[in-house]
Amino acid sequence: MSTVIKIAVQKSGRLYQDSRALIRDCGIHVKDGSEKLKTAATNFPLELFYVRDDDIPAYVEDGVADIGIVGRNVLEENGAAVECVEALGFARCRLSIAVPNSMKYLGAETLNGLKIATSYPNLLKRFLQERKVDSAIHEVSGSVEIAPGIGLADAVCDLVSSGSTLIQNGLREVEVVMESEALLIAKHGLSDAVRDLLDQLVFRIRSVQCAHDHKYIILNAPDEAVDNIRSLLPGMRSPTVTKLADEGWSSIHSVVQENDFWEVIEKLRGAGAEGILVMPIEKMIR
Ligand code: PRT
Ligand code: ZN
C-alpha cells in the first residue's frame, strides 16, 4: 500500500476554516464533508480526520494521525509529547486572567486567596506557581466569562482575542498567561516515507505563508528617480527595471513586505513613483 499522511483537523469551530484554507492554498484538493470522520485528498497522498480540537494532541501522540493542526493553548494544557513543526499564524489569541472592573489590582499577588474559573487549569496552575501565588482554581468547561457575575469565582482565566467578551461581562484583563496561535504538530518518530510527505507539505505551507506576507508591486518612474526607488525596493534579489515606450520613463517591478507596505508606498510616491499597481502573490519560493 502506498504511503499516506494522516492529518487531524478540527471538525467545526474557530480552527476549521483556516485549517481547510491552508490545505487548499497548498494546492491539495479535499472534498467538503466535515460531517464524515475522514476524507482523502484527490491529488496528494493525504487523509483528513475531522475531530474535536481537544482530541488532536492525543491522536497525534498515539499515531492515530501523523500530524495535526491545533492551538498552542490546547497543546500545552494537554501536555502531549509531540513535535511542534510550524507556527501557522492563524487563530491568534491569548490566555489571560481578568478581574471584575471594580477590583483593585496591584499585581499577581492580588490573586492570593481568590477563586479563579478556567478551562485551562494546568496552564493557570503553572503561571500561579511561577509567581508563588496561591489561588483556588475552579475548572469549568465553558462560559467562563460569566463566573464572577454569578458568584462562582472572583476572577477568570480565559482566551481573549478582541477583548469584547470581557468588556461585555464587566471584566478587565490583568495578566497574560500565554500567547497562542494554531500549530502544525507531528508524531515523534514518523517513518521516513511519512516524514518525506510532511517535508513536502511544510515546503508548500512556507511558500503560501511567504506569499501572504508579501505583495507584488509595479510602478512607473522618471529615469532620474530609478536609483532612489531601487534603494526603497530591495525585491527578492533586486527589482526588475524596464524602459517604457515614453522616452525618459521606466517601469519597476518588485516585491514588498505586507508589514511595511504603506510606509514604502509613501516613500515611493515621495521619490516620484506614479501609476503604482499592487497585486497579491499566490505562492512565493525563495
Ligand atoms: O468543538 P471543539 O472542542 O473542537 O472546539 P472548541 O469550542 O473547544 O474551540 P473553538 O472552536 O472555540 O476554538 C478553537 C481554538 O481557537 C482555541 O483553542 C484557540 O486556540 C483559538 N481561538 C482563537 C479562540 C479564540 N481565538 C477565542 N476568542 N478560542 C476561543 N475564543 C473564545 C474565548 O474562549 C471567549 O469565549 O472567544 C471568546 C473571546 O473572544 P473575544 O474576541 O470577545 O475576546
Ligand atoms: Zn475544544
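Helices (H or I, at least four residues) and strands (E, at least two) are taken here as DSSP runs, numbered from the N terminus. The model described is a predicted one.

Several polar contacts to oxygen atoms of ligand 1 were found. The side chain of D53 has an N or O atom 2.9 Å from an oxygen atom of the ligand. For D54, a polar side-chain atom lies 2.7 Å from an oxygen atom of ligand 1. In G163, by contrast, the atom concerned is a backbone N or O atom, which lies 2.7 Å from a ligand oxygen. On its own, ligand 1 has 840 Å² of accessible area, of which the protein covers 78%. The space that ligand 1 takes up is the largest pocket.

As to the overall fold, the protein contains eight helices and 15 strands. Its radius of gyration is 25 Å, whereas the globule rule gives 19 Å for 286 residues; the computed value is well over that figure, so the protein is more spread out than a compact globule. Taken along the principal axes, the box filled by the C-alpha atoms is roughly 75 × 60 × 30 Å.

Methods: Residues are numbered from 1 along each chain as its sequence is written. Chains are lettered from A and ligands numbered from 1 in the order in which they are written. This is a predicted model: local features need pLDDT of at least 70, side-chain atom pairs count only at pLDDT 80 or more; totals for chains, interfaces and linings use all residues. Side-chain values use heavy atoms; hydrogens and water are left out. A polar contact is a pair of N or O atoms within 3.5 Å; within protein, one must be able to donate a hydrogen and the other to accept it, and residues adjacent in sequence count only if both atoms are side-chain atoms. Accessible areas come from the Shrake-Rupley method with a 1.4 Å probe; for residues, only the protein chains shown count as cover. On a 1 Å grid over the protein atoms alone, a cavity is a set of points where a 1.4 Å probe fits but cannot get out, and a pocket is an open set with protein on both sides within 12 Å along at least five of seven lines; lining residues have an atom within 4 Å of a point. A molecule sits in a cavity or pocket if more than half of its atoms lie within 2 Å of its grid points. The radius of gyration is taken over C-alpha atoms; the globule rule is 2.2 Å times the number of residues to the power 0.38.
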